[in-house]
Amino acid sequence: MLAVPASAKRLTVQQKKQAALQHYEKAEQMREALNGRPAAQRSKAEYTKVINAYRRVYYVAPTSSKAHESVVAVAELLADMGRTFGDKKAFEDAIGQYEFLRKEYPGSRYRFDALFTEGQIYAEDLDDAASAKAKFEEFLKEHPYHRLAADAKKALDDLAAEASAKKKGIKTPKQKDKEQAQAALAERAKDTREGNPAKPERTGKYPLVTGIRHWSTPDYTRVAIDLEDEVKYEAGRIPDPDRIFFDLHGTKLASELVGKTFDVQDGFLRRIRIAQYQIGETRLVLDVDDVSDYSAFLLPNPYRLIVDIHGKKPTQVVAKQQPPAETKPAAKEPPKEEKRAPVKEGETAKQPPAAKPAEPEKKKAEEEREVAAVSGPAVELKATEKPTSGPTFEKVAPREREETKSAKGKEKQPKGEFQATKAKPTAGGERSLIRALGLKIGRIVIDAGHGGHDTGTIGPRGLQEKDLVLDVALRLGKLVEQRMGAEVVYTRDDDTFIPLETRTAIANKEEADLFLSIHANSSRDESARGIETYYLNFTSSADALEVAARENAVSESSIHELQDLVKKIALQEKIEESRELAGDVQHALHAGLSPKNKGLKDRGVKKAPFVVLIGANMPSILAEISFVSNPTDEKKLMTPDYRQKIAESLYRGMAKYVSGLAGVKVAAKLPAKEKEDGQ
C-alpha cells in the first residue's frame with residue numbers, strides 16, 4: 001500500500017485538498033509522458049509510478065474534487081498495463097479499482113461506466129463469460145434506462161451467441177479475434193516473465209483505440225486518439241446540432257472506452273463521445289458549437305490521430321456555463337419510443353425504486369443513442385472522399401476575426417524598449433493583418449525540446465541535449481519576464497518528457513502570442529558547426545528534412561506524409577510572421593555567439609515540417625542553438641556563461657521582432673481569466 005507522508009497528515013482539510021490537486025496535476029503530466037512512449041518502450045515500473053501518483057490524490061484527500069477521477073485513472077492504467085504485458089492480475093486489479101469507486105464514491109458520475117466496464121473487462125480481456133454476464137445483468141437491473149443499457153443488452157446477446165456457437169463447435173468472428181488477443185497476451189506475459197521487453201504488436205485482429213486526450217481553449221481544441229497501430233479513417237460533419245465525427249476503420253475499442261463520453265463544456269467543444277457501432281468500426285463524435293474549421297493527421301511511434309478544431313470565441317463567458325442545447329435525433333434513426341429533451345450527464349446520487357426508473361437515465365439514453373446513428377447526412381459533408389491515413393482538412397465557415405481590445409483604451413506599457421508604437425512592415429516590406437490590427441505580444445511559450453527518457457542528442461563528452469536546452473529555456477524565460485514584461489509559460493520546467501502534440505496544445509491552450517522551441521543540432525560529421533532557425537513550412541531541402549526527421553522522433557513516418565500535412569496547414573498568415581521571427585532570432589544568435597568564436601557558421605533560416613510546430617495558432621519557430629556533436633562547441637555549451645550568451649541572443653532576436661509590432665501587452669494587465677489559466 002502506498003504510504004502517505006507524515007507531513008500530509010498534519011495538514012488542514014483545505015490544505016490536503018490543495019495538495020491533492022497538485023498531486024493530480026503531476027499525475028496527469030506523468031500519464032501524458034507515458035502515453036507519448038511506444039508500448040514496447042514502457043515498463044511495469046513506469047506504470048506503477050504513474051498509478052501511485054494518482055493514488056496519492058485520494059489517499060491525501062479522499063474528499064478532493066479529483067479523488068474519484070484519480071480512482072478511474074488508476075483503473076484505466078491497470079487495464080492498459082494488462083494489455084501491454086499480458087498481465088491477468090492487472091485486469092483483476094482494474095476491476096477491483098472500479099468496485100472501489102462504486103463503494104467509496106456512490107455519488108460519482110463515473111459509477112455507471114465503472115459497473116459496465118467491469119463487465120467489458122470480464123468479457124473481452126479475461127474471457128470470463130459467467131462473471132461478465134453477471135455484471136451486465138446487474139447493470140440492466142440497476143440502470144435500465146441509462147445510455148449504456150443498449151450496450152449491456154447487446155453484450156449479453158453476444159455472450160449468448162458465443163455460448164451457443166461454442167456448443168455447436170462453431171467459432172464466431174468475435175471468438176476468433178478474442179482467441180487471437182488472448183494468445184497475444186499470453187505471449188506478452190511469457191516475454192515479461194523472461195525479462196524481454198513488451199512487443200509493439202497489437203493484441204487482436206483489430207488495433208485497439210486505447211485512449212482519448214484533449215486540450216481546450218475558447219476557440220481551439222486538440223483531441224488525441226491513442227491507437228495500437230496505423231488505421232484508416234473518414235471524417236465528416238453533421239449540422240443541427242453541429243457534430244464532427246471520425247470513423248476509424250478496422251479498429252476496436254479498449255474495454256474501458258466502450259460507450260464512454262467526456263463532458264468537456266470548455267469553449268465550443270461540449271462533449272466527446274465514442275462507440276463501437278459495428279464490428280471493426282469505431283466512431284468518435286465531437287459535439288461542438290460555432291466551428292470554423294477542423295483538421296486531422298496521424299502520428300506514429302506511438303500511433304495517434306490528432307484532431308485540431310477551431311471555432312469562434314463566445315461573446316460572453318457566461319455562455320460556457322449554460323447547459324447544451326437540445327439535441328435533435330440523427331436523420332436515419334428510427335424513433336423506437338417518444339423522444340425527450342436531454343438533461344445533464346449522469347444520475348442523482350440516490351437511485352429511484354426499481355418499479356419507477358430514473359427519468360434522467362431514460363432521457364440520457366435516448367440522447368446518447370445517436371452516437372451510432374450519424375450516417376445519412378454525413379455523406380454530403382465528408383471531409384474525406386474515402387478512408388485515408390493521410391491528413392484531412394475542412395473549412396466549415398468563414399471565421400470572424402476579433403478586433404483588438406486596444407480600441408477600448410490604451411493599456412499601460414512597460415518602461416523601456418516596448419512602448420506602444422505603430423507596427424512596422426516586415427523585412428519584405430509587407431504589413432500583415434497582425435501588424436495592421438496593432439496586435440500586441442502578451443504571452444510567450446518557451447519549449448525546451450526532448451526531456452525525460454528522450455535525451456535528444458548526446459555529445460562526445462556526454463552532454464545531453466535535453467539538459468542543455470532546459471537550462472537555456474529557463475534563462476531565456478527570466479530575461480523575457482524581466483526586460484520585456486511579457487508573461488512566460490514553459491512546456492516543461494524540469495526533466496519531464498512531453499509528447500510533441502502536447503507541446504503545441506499547451507501553446508494554443510495558453511493562447512500564446514509566440515511559440516519558441518529550443519533544440520541543439522547533431523551531425524555525423526564532428527566538424528559541423530553553426531546555428532540555424534526553422535519555421536513551419538514544406539520543403540524539398542534534404543538537410544532540413546533530416547533535421548526535422550530527427551527532432552520529430554517519428555522515424556516510421558514518411559517525409560511525404562509530413563509534407564502533405566504541412567501543405568494543408570501552412571497557407572496561413574502566421575507563416576509569414578514565423579519567418580520574420582525566425583530571421584530576427586537567427587541574426588541575433590549568430591551575432592551574439594560568433595565574436596571570439598571563429599568558424600561558427602550562420603546556417604540561416606530554413607523551413608521544415610516539425611511536428612512540434614504543427615497546429616500552432618501563433619507565430620512559431622524552432623531554434624537549433626549549436627551542434628552538440630561538435631567537441632569544441634560541446635565544451636563551450638557545458639559552461640554557464642556560454643549558455644547565458646545563448647539566452648541573451650535569443651532574447652535580442654525576440655525583442656527585435658516584438659519591436660516591429662505594436663508593443664507588449666503587460667503581464668500585469670492581462671485579463672484576470674487569462675492570468676488564472678496561465679498559473
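A residue is called buried when its relative accessible area is under 20%, exposed when that area is over 50% and partly exposed in between, as found with a 1.4 Å probe on protein chains only. The model shown is predicted, so that local features need pLDDT of at least 70 and side-chain atom pairs count only at pLDDT 80 or more, while totals for chains, interfaces and linings use all residues. Residues are numbered from 1 along each chain as its sequence is written, and side-chain values use heavy atoms, with hydrogens and water left out.

**View 1. The whole chain, for orientation.** The secondary structure of the chain comes to 19 helices and 17 strands; helices (H or I, at least four residues) and strands (E, at least two) are DSSP runs that are numbered from the N terminus. Of the 679 residues in the chain, 54% are buried. Where contact means heavy atoms within 4.5 Å, residues 24 or more positions apart account for 73% of the contacts in the chain with a separation of 6 or more.

**View 2. Gly280 in the loop between strand 7 and strand 8.** The loop that holds Gly280 lies between strand 7 (269-278) and strand 8 (281-288). Gly280 has a relative accessible area of 6% and is therefore buried. Leaving aside neighbours within four places in sequence, Gly280 is in contact with Tyr206, Leu248, His249, Gly250 and Thr251. Leu208 is 72 residues from Gly280 in sequence, and the two are 9.8 Å apart in space, C-alpha to C-alpha.

**View 3. Helix 3 against helix 4.** Two packed helices are described by the angle between their axes and the distance between the axes. Here the axes, which are lines fitted to C-alpha atoms (for helices over the stretch in contact), are compared by angles that run from 0 to 180 degrees between N-to-C directions. The axes of helix 3 (residues 44-60) and helix 4 (residues 67-85) come within 8 Å and cross at roughly 165°. The two helices, helix 3 and helix 4, are therefore roughly antiparallel to each other, given that angles over 145 degrees count as roughly antiparallel, under 35 as roughly parallel, 65 to 115 as roughly perpendicular and the rest as oblique. Their crossing, that of helix 3 and helix 4, is left-handed, a term used if the near helix is turned anticlockwise from the far one by less than a right angle, whereas clockwise is right-handed. Among the residues that make the contact are Tyr47, Ile51, Tyr54 and Tyr58 of helix 3 and Val74, Leu77, Met81 and Phe85 of helix 4. In the contact of helix 3 with helix 4, 14 residues are nonpolar, two polar and three charged, where Ala, Val, Leu, Ile, Met, Phe, Trp, Tyr, Cys and Pro count as nonpolar, Asp, Glu, Lys and Arg as charged, and the others, Gly among them, as polar.

**View 4. Helix 7 against helix 8.** Helix 7 (residues 129-142) packs on helix 8 (residues 149-167) at an angle of about 150°, with their axes 9 Å apart. That makes helix 7 roughly antiparallel to helix 8, and the crossing of helix 7 past helix 8 is left-handed. Residues of helix 7 including Ala132, Phe136 and Leu140 meet residues of helix 8 including Ala152, Leu156 and Leu159. The contact of helix 7 with helix 8 has 10 nonpolar, no polar and three charged residues.

View 5. Eight of the 10 residues of strand 1 (residues 208-217) are buried, so strand 1 is largely enclosed by the rest of the structure. Strand 1 pairs with strand 5 in the parallel sense over two bridges, and the bridge partner of Val209 in strand 5 is Leu253. Strand 1 and strand 2 (residues 220-227) run antiparallel and are joined by eight bridges, forming a hairpin with two residues between them.

Technical notes. Two strands pair if DSSP finds at least two bridges between them.
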